[in-house]
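Here is a walk through one protein model, going from surface details to what sits inside. Keep the viewer open as you read.

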Amino acid sequence: MFDYNNAQILLFSNDGIFVREVVSFTETLLDACLVGNNTVAVSLGSANQTALVDVEKNTIIRTVNLSHQCDVVGSDGETMVVSGIEKSTIVNLNDMSFTILEGVGAYHIALSNGHIYGTINNENIMYCYKITGEPLWVFKHEEIQSPQGITLDKNGFVYIASRRNNSIVVVSPDGKTCKTILSEADGIKSPHAIDINREIGMMLVSIVISNNYNSALIYKI
């Protein structure tokens, strides 16, 4: 997990117990994702950089300089996608080659099976693109209000943190239907980030308790 206020990557155990601080940054830290067994990618906002961090050695092993703001990052282990609002960069993690996708931007992204999934919170939509930038579908529904974090399960269902109405919404793999599976009655309050461990079927949701206090909830899916 990352601590936005203190610009730190923090390590927790699978049962939510704090282990240690991994590394701190001087730049603004906006997003993070796992790219390998012990490697995390961290997007550094207006610095136009994304850092790769070894969480075992507590070190930054590489800094990737890009041509646009690095707001959010997603990865499938072989490819990393770094997005700003107006464009994204596809990074091949094997040779670190870049491909820029103009017009493909998001507030939060996820990457799975050669597809990019993103949310645009001020328009209350989510989308799916091919990794080449070809649009596949756009989804909008009244149950999705100010969508934030986005992730997928092993069956291709898309999970969205719907912040304004305090819920977690699941969208079908074809982007045609959705269902609210968790609400404020389940402890969801102003959800921001979401992730799923597909191997063990556990979902982590970051929620806002107050202006100065965030928390994380773990659910079995």
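## Salt bridges

Lys130 is partly exposed, with a relative accessible area of 32%. Bear in mind that we are looking at a predicted model. The side chain of Lys130 meets that of Glu134 in a salt bridge, at 3.5 Å from N to O. Glu134 is partly exposed as well, its relative accessible area being 40%.

How many salt bridges does a search of the whole structure find? It turns up two. Besides the pair of Glu134 and Lys130, there is a salt bridge from Lys87 to Glu102, where the closest N and O atoms are 3.4 Å apart. Lys87 belongs to strand β10 (residues 87–92) and Glu102 to strand β11 (residues 98–102), so this pair ties together parts that are 15 residues apart in sequence. Glu102 is exposed, at 57% relative accessible area.

## The three-stranded sheet

Strands β1, β2 and β3 form an open sheet in that order, with antiparallel pairing. Its edge strands are β1 (2–3) and β3 (18–24), each of which pairs on one side only. As a reminder, strands of a sheet pair through backbone hydrogen bonds, either parallel or antiparallel.

Zoom in on β1 and β2 and you'll find two bridges, in the antiparallel sense. Asp3 has Gln8 in β2 as its bridge partner.

Phe12 is partly exposed, at 30% relative accessible area. Together with Met1, Phe18, Leu204 and Ile218, Phe12 forms a nonpolar patch on the surface. The accessible area of these five residues together comes to about 430 Å².

Is β12 enclosed or open to the outside? Five of the five residues of β12 are buried, so the strand is largely enclosed by the rest of the structure. His108, Ala110 and Ser112 point one way from β12, while Ile109 and Leu111 point the other way. Both sets are buried.

The partner here is β13, which runs antiparallel to β12 and is joined to it by five bridges.

Asn113 lies in the loop between β12 (108–112) and β13 (115–120). With 72% relative accessibility, Asn113 counts as exposed.

## Another positive phi

Asn166 is a residue other than glycine with a positive phi, near 50°. Look for Asn166 in the loop between β17 (158–162) and β18 (167–171). Is Asn166 buried or exposed? At 15% relative accessibility, Asn166 counts as buried, whereas Asn113 counts as exposed at 72%. The cut-off for buried is under 20% relative accessible area.

## Inside the largest core

The largest nonpolar core has 14 residues. Which residues have the most contacts inside it? They are Tyr117, Met126, Val158 and Val171. The elements giving two or more residues to this core are β14 (125–130), β15 (135–140), β16 (147–152), β17 and β18.

Setting aside neighbours within four places in sequence, Val171 is in contact with Met126, Trp137, Phe139, Ile144, Phe157, Val158, Ile160, Thr177 and Cys178.

## Thr79 and its surroundings

One last stop is Thr79, in strand β9 (residues 79–83). Thr79 is buried, with 18% relative accessible area. Apart from neighbours within four places in sequence, the contacts of Thr79 are Gly74, Ile90, Val91, Leu93, Leu111 and Ile131. Leu111 is one of the buried residues of β12.

Thr79 and Ile131 are 52 residues apart in the chain, and their C-alpha atoms are separated by 9.4 Å.

Conventions: Residues numbered from 1 in each chain as written. Predicted model: local features only at pLDDT ≥ 70, side-chain atom pairs only at ≥ 80, totals over all residues. Heavy atoms only, no water. Patch = residues over 30% accessible without salt bridge, like charges linked within 9 Å, V, L, I, M, F, W, Y side chains within 5 Å. Areas by Shrake-Rupley, 256 points an atom, 1.4 Å probe, with all protein chains shown as cover. Salt bridge = Lys/Arg side-chain N within 4 Å of Asp/Glu carboxyl O. Buried < 20%, exposed > 50% of the residue type's maximum accessible area, 1.4 Å probe, protein only. Helix = DSSP H or I, 4+ residues; strand = E, 2+ residues; numbered from the N terminus. Core = buried A, V, L, I, M, F, W, Y, C linked by side-chain atoms within 4.5 Å. Contact = heavy atoms within 4.5 Å. Pairing = 2+ DSSP bridges.
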